[in-house]
Protein chains: 2
Amino acid sequence: MNQLINQQDLEFLLYDLLDAESLLSHPHYQDHSRETFDAFIEIADKIARKHFLPHNAKADAEEPKFDGDSISIIPEVQPALEEYAAAGFIAARHLYDNGGMQMPAVIASACQSFFFSANPSTAGYPFLTTAASNLIAAFASESQKNQYLPGLLDGRIFGTMALTEPDVGSSLGDLKTSATAQTDGSYLIKGQKMFISAGDHPLSENIVHLVLARISTAPAGVKGISLFIVPKFLLDGNAENASRNDVQVTGLLHKMGYRGITSTVLNFGDKNSCQGFLVGEPNQGLMYMFKMMNEARIGVGLGAAMIGYRGYLSSLEYARNRPQGRLPSNRDSSSKPVKLIEHADVRRMLLAQKSYVEGSLALCLYAAKLMDLSEASPEESEKLAAKQLLNLFTPVVKSFPSTYGTKANDLAIQVLGGSGYTRDYPVEQCYRDNRLNPIHEGTEGIQALDLLGRKLWQDNSQAFGQLLALIKDTLQQAEKTGLVKPATALEKATDRLARTTRALGKALATEGPDKTLANASLYLDSFGRVVIAWLWLKQAVIAKNKLSETNAQQSQQAFLLGKIQTASYYIHWELPEIFHLLQLLEDLDPVCFEMQADWF
Amino acid sequence: MNQLINQQDLEFLLYDLLDAESLLSHPHYQDHSRETFDAFIEIADKIARKHFLPHNAKADAEEPKFDGDSISIIPEVQPALEEYAAAGFIAARHLYDNGGMQMPAVIASACQSFFFSANPSTAGYPFLTTAASNLIAAFASESQKNQYLPGLLDGRIFGTMALTEPDVGSSLGDLKTSATAQTDGSYLIKGQKMFISAGDHPLSENIVHLVLARISTAPAGVKGISLFIVPKFLLDGNAENASRNDVQVTGLLHKMGYRGITSTVLNFGDKNSCQGFLVGEPNQGLMYMFKMMNEARIGVGLGAAMIGYRGYLSSLEYARNRPQGRLPSNRDSSSKPVKLIEHADVRRMLLAQKSYVEGSLALCLYAAKLMDLSEASPEESEKLAAKQLLNLFTPVVKSFPSTYGTKANDLAIQVLGGSGYTRDYPVEQCYRDNRLNPIHEGTEGIQALDLLGRKLWQDNSQAFGQLLALIKDTLQQAEKTGLVKPATALEKATDRLARTTRALGKALATEGPDKTLANASLYLDSFGRVVIAWLWLKQAVIAKNKLSETNAQQSQQAFLLGKIQTASYYIHWELPEIFHLLQLLEDLDPVCFEMQADWF
């Protein structure tokens with residue numbers, strides 16, 4: 001089997017839920033068609049299955065090694081990445097002029113989902129490279145683009161994000177890496193970075209580090225951060241590798257999962273000769289980096305969703321095939337055991353997984369479509385609206401799949417029982433791999449502060465207003481379709497979320513940020529659940545309509561009934577937990593805020 | 001640091017919450033004193049720290065190897081186990097006459113908690129041996145006791161539980177291993193067992209497998225299961241190893257965690273010469289095995305609690321020492337970063353962990369004291385009451401710490417962030433190790449069916465009535481102490497649990513077991529939360545009284561304030577989630593029950 005995704009589901013999400021074909025009317029995508037979309041997706045499936053999946057477990061068991069000088073990686077990784085680049089996946093979204101395909105993000109993300117499902121570690125290398133190429137395309141000078149973009153897009157150069165420092169962690173304003181201007185316009189970079197994924201490896205001819213550093217004269221904090229291109233090999237006038245730059249890996253971090261991709265400690269300028277090239281204006285580095293970071297956050301969400309999805313499919317297959325026990329009413333021990341999936345509690349665990357992972361994938365693809373609209377919609381108002389909504393959604397797209405994808409993997413192990421705990425089945429690796437996602441690119445706590453402390457209130461909360469209007473629209477459709485019970489439940493939850501949001505907005509002014517934001521992570525969770533419940537109700541409406549409209553085949557009917565049942569599950573089982581969370585938020589419940597360090 | 005447990009907490013639980021000293025008035029324990037208890041605990045701490053902790057990570061990194069013939073294990077394990085046995089921990093609870101110490105279970109469990117915290121894998125070997133020795137002491141014949149008990153108690157023989165078979169899993173009634181009576185009174189055993197922890201190793205002179213098998217003439221299902229002693233080496237008349245029995249390890253299972261203890265596939269009777277010795281009566285095997293299993297379930301709970309506890313202490317230490325970021329109100333980037341623990345969201349993650357792990361440890365020690373009362377109370381009514389309550393609590397003692405100890409480890413990783421995801425810190429191993437606990441000795445789903453389908457209704461639900469009376473008593477004390485708010489919250493939750501329980505009792509009769517038990521896992525979770533909330537309220541009452549009574553030292557005051565604050569956290573943050581779960585239960589919500597296999 002080794003299914004990477006339920007194709008029926010992907011098609012439903014792309015074309016029924018998100019109407020990806022509507023993008024074809026935008027001039028930017030006009031050369032595409034449903035056929036080019038589907039063909040590209042089919043190639044992704046094929047390469048992911050043939051070149052990524054087979055070495056996923058091996059790359060985990062035989063992680064990259066550092067001998068003090070260079071890094072070695074199992075031989076299967078490089079040809080997989082060559083196939084990936086050759087098929088055009090790194091360049092997919094770039095302009096035709098730059099050698100790209102002008103593929104919509106929603107389709108590129110659909111393709112990416114196969115690679116994340118098959119092998120998240122190997123998929124990490126081109127994922128970072130794609131994000132780096134987008135940043136350079138957006139903010140670097142023409143000559144920098146000419147130097148680096150072609151190599152990045154065809155996979156000769158890989159990219160990294162070099163933000164974190166050993167003593168600084170999430171608090172970027174405290175970073176210490178320094179940049180000293182040279183007479184030739186370049187900078188000398190000096191400092192140490194840590195947890196740099198793909199920070200060194202033998203997989204590409206060159207590596208471009210996008211490094212945050214502080215120019216000597218810069219103001220303190222986040223306002224004094226600049227962005228530099230620091231290549232592993234300095235380029236000559238023909239954009240060929242000329243000489244080794246003074247950036248060195250000094251160690252690998254050994255992780256619980258995601259072991260196939262190196263996580264490195266990098267020293268810049270140990271010999272005082274590390275050259276870096278300023279991107280854009282000084283002290284604007286964080287703003288540029290957020291271009292990459294936001295994309296990375298959405299990518300992390302998609303990766304988390306797909307690791308969750310892979311585990312779900314594995315546990316579903318196991319539950320359908322494994323005979324085990326009897327229903328409680330059956331006391332006849334000579335009767336045949338039933339399949340695991342016949343036990344209601346196993347169905348509960350599968351339903352929870354399905355609701356998390358298909359819901360997360362829907363959310364990530366929704367965000368990708370917002371990216372497309374915000375970049376390429378011919379209508380300015382739609383462009384702005386998409387930009388605002390994407391901005392609001394980003395912390396949720398990062399965090400919901402990370403938390404619940406990992407929870408899905410936990411349930412997948414439980415469905416398999418003792419077998420799931422062994423390395424003979426893929427679910428334990430999924431669980432270990434996915435556990436990184438609630439941490440990197442901003443922890444869940446950071447996302448919560450971003451949402452409740454910042455995103456909600458930008459542009460006069462227009463994005464939140466948009467969300468409420470979108471939900472209202474879905475509620476009306478649901479009532480028309482006869483889905484009254486889940487619509488009523490979602491309406492109640494949404495109203496309560498809106499009420500709490502208003503109360504917190506006031507509290508920010510009257511009680512100050514420390515107390516008001518103390519329970520932000522409960523808000524992030526509640527907000528995420530409402531969004532996911534909304535996406536499930538939308539799916540149920542579409543499924544209900546399709547069921548009544550068509551003479552659907554039996555397998556199609558079963559699929560649509562499953563969508564409706566899962567929407568019921570999510571809205572009646574998972575969503576109502578927010579009422580308690582929102583009450584704690586409205587009360588500004590002080591129990592965590594007032595706990596003292598020495599009371600533990 | 002490497003603290004294995006908060007000593008102040010352990011003392012509080014043993015002597016303030018559980019009044020372990022009250023056991024000294026029982027004849028069975030009369031030779032003991034607070035001093036002998038504390039001395040034994042101190043030895044456990046010392047041996048655990050010196051001989052168990054140092055090789056915990058190494059045993060994980062270098063797991064046992066099987067070369068097709070024999071198994072090798074890192075050299076640190078054997079001397080650790082020799083120290084453990086020599087100090088008398090295996091024999092602790094046995095009769096003086098058998099070479100034991102007649103130590104109460106509550107004290108033996110307190111000792112065991114240090115070993116589980118330090119190194120759960122190595123602690124697993126004597127844990128199984130202890131359980132096997134208790135079963136043999138309770139049910140084996142005098143001559144069997146004479147043969148095996150001395151070796152088990154001094155650590156020359158180790159024990160196992162051999163229940164699971166490859167195609168059978170949790171459904172013991174379907175097991176196929178056969179036992180054929182021989183003329184000498186012994187049996188020939190034939191079959192395969194899987195997931196047998198400590199099933200083979202070079203750590204002891206001999207291994208005694210307690211094997212469930214079916215005598216050829218036995219009835220089908222669980223009523224036809226008998227219990228056999230199957231030693232690795234057959235003994236001669238002097239209880240010395242005489243010849244190798246026909247039981248062979250054919251493979252090791254490679255687990256995600258708990259790697260230091262072998263998990264084996266065992267073949268019995270490949271050469272048709274595997275000798276087994278019937279314990280007690282034929283076809284009563286499951287009843288005997290449940291003696292071992294119930295003890296194992298409580299031990300699994302304690303192990304899960306302590307792996308959670310170790311992770312909690314690690315993350316607490318990190319959060320207290322690591323400077324990171326500033327409070328939201330502080331926009332001065334030149335100000336000094338605060339410690340991680342100053343962030344409310346980090347305190348939330350620490351409070352949740354503290355509530356889970358200290359609550360779980362309280363529950364396990366409470367169960368251990370019930371074991372003491374049920375075995376040694378001089379009053380028959382107390383004995384019976386303790387037996388009933390322990391019976392009711394067993395699935396909760398097994399499952400609550402397993403689920404929430406693992407959740408605590410998840411939060412510990414999150415507190416450490418990127419560092420927590422690396423193997424340089426102990427928390428990722430805790431997370432992997434603990435994930436076994438919701439699976440073995442009966443999955444959470446099995447425990448849920450045991451509680452809602454069986455335990456609740458036994459003896460006319462007297463045990464549940466006892467629990468309600470115990471909670472009522474604590475509520476009255478809490479109100480007297482001024483803890484009105486948490487008492488009111490717990491009362492409301494308890495009343496609702498009682499109402500739902502009655503409704504489900506009726507539904508079992510009217511709707512049948514399949515539909516009524518479909519959502520049993522929600523009941524198990526709700527029930528567990530009420531019990532833990534009750535134990536927290538009890539602790540808060542004691543803490544409040546101690547605070548007002550004494551001129552407590554500052555560190556003692558801080559500790560007591562922390563107990564009260566954590567009780568508030570648990571009762572106001574975690575407990576109220578049950579109302580939604582209980583509503584689903586009362587509604588016999590059919591969403592999982594009615595989901596169809598082909599709809600996924």
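Predicted model: local features only at pLDDT ≥ 70, side-chain atom pairs only at ≥ 80, totals over all residues.
Leaving aside neighbours within four places in sequence, which residues is A:Ala218 in contact with?

Residues are numbered from 1 along each chain as its sequence is written, chains are lettered from A and ligands numbered from 1 in the order in which they are written, and side-chain values use heavy atoms, with hydrogens and water left out.

Back to the opening question. A:Ala218 is in contact with A:Gly224 and A:Asn283, neighbours within four places aside; contact means heavy atoms within 4.5 Å. You will find A:Ala218 in the loop between strand E6 (206–215) and strand E7 (226–231) of chain A. Helices (H or I, at least four residues) and strands (E, at least two) are DSSP runs, numbered from the N terminus. A:Ala218 has 17% relative accessibility and counts as buried, where buried is under 20% relative accessible area, exposed over 50% and partly exposed in between, with a 1.4 Å probe and protein chains only. Its C-alpha is 9.9 Å from that of A:Ser178, 40 residues away along the chain.

Two other loops deserve a look. A:Tyr258, between strands E10 (247–252) and E11 (263–268) of chain A, is not a glycine, yet has a positive phi of about 50°. A:Tyr258 is buried, at a relative accessible area of 7%. A:Leu588 also has a positive phi, near 45°, and sits in the loop between helices H18 (578–586) and H19 (591–594) of chain A. With 12% relative accessibility, A:Leu588 is buried.

Now to the helices. How do H12 (residues 444–453) and H16 (residues 520–549) of chain A cross? Their axes come within 8 Å and cross at roughly 80°, which makes H12(A) roughly perpendicular to H16(A). Axes are lines fitted to C-alpha atoms, for helices over the stretch in contact, and angles run from 0 to 180 degrees between N-to-C directions; under 35 degrees counts as roughly parallel, over 145 as roughly antiparallel, 65 to 115 as roughly perpendicular and the rest as oblique. Among the residues making this contact are A:Leu449 and A:Leu452 of H12(A), and A:Tyr523 and A:Phe527 of H16(A).

Keep A:Phe527 in mind. In the largest nonpolar core, of 415 residues, A:Phe393, A:Phe527, B:Phe393 and B:Phe527 touch the most other members. Such a core is a set of buried Ala, Val, Leu, Ile, Met, Phe, Trp, Tyr and Cys residues joined through side-chain atoms within 4.5 Å. Beyond four places in sequence, the contacts of A:Phe393 include A:Phe527, A:Val531 and A:Trp534.

One more buried spot: A:Ala408, in helix H10 (residues 380–416) of chain A, has a relative accessible area of 0%. Sequence neighbours within four places aside, A:Ala408 is in contact with A:Gly308, A:Gln353, A:Tyr356 and A:Val357.

Finally, the two chains. Chain B superposes on chain A by a rotation of 180° with 0.0 Å of shift along its axis, at an RMSD of 0.0 Å; that is the relation of a two-fold axis. B:Glu577 has the C-alpha nearest the axis in chain B, 3.3 Å from it. Thanks, everyone!

Terms used. Least-squares fit on C-alpha atoms with pLDDT ≥ 70 in both.
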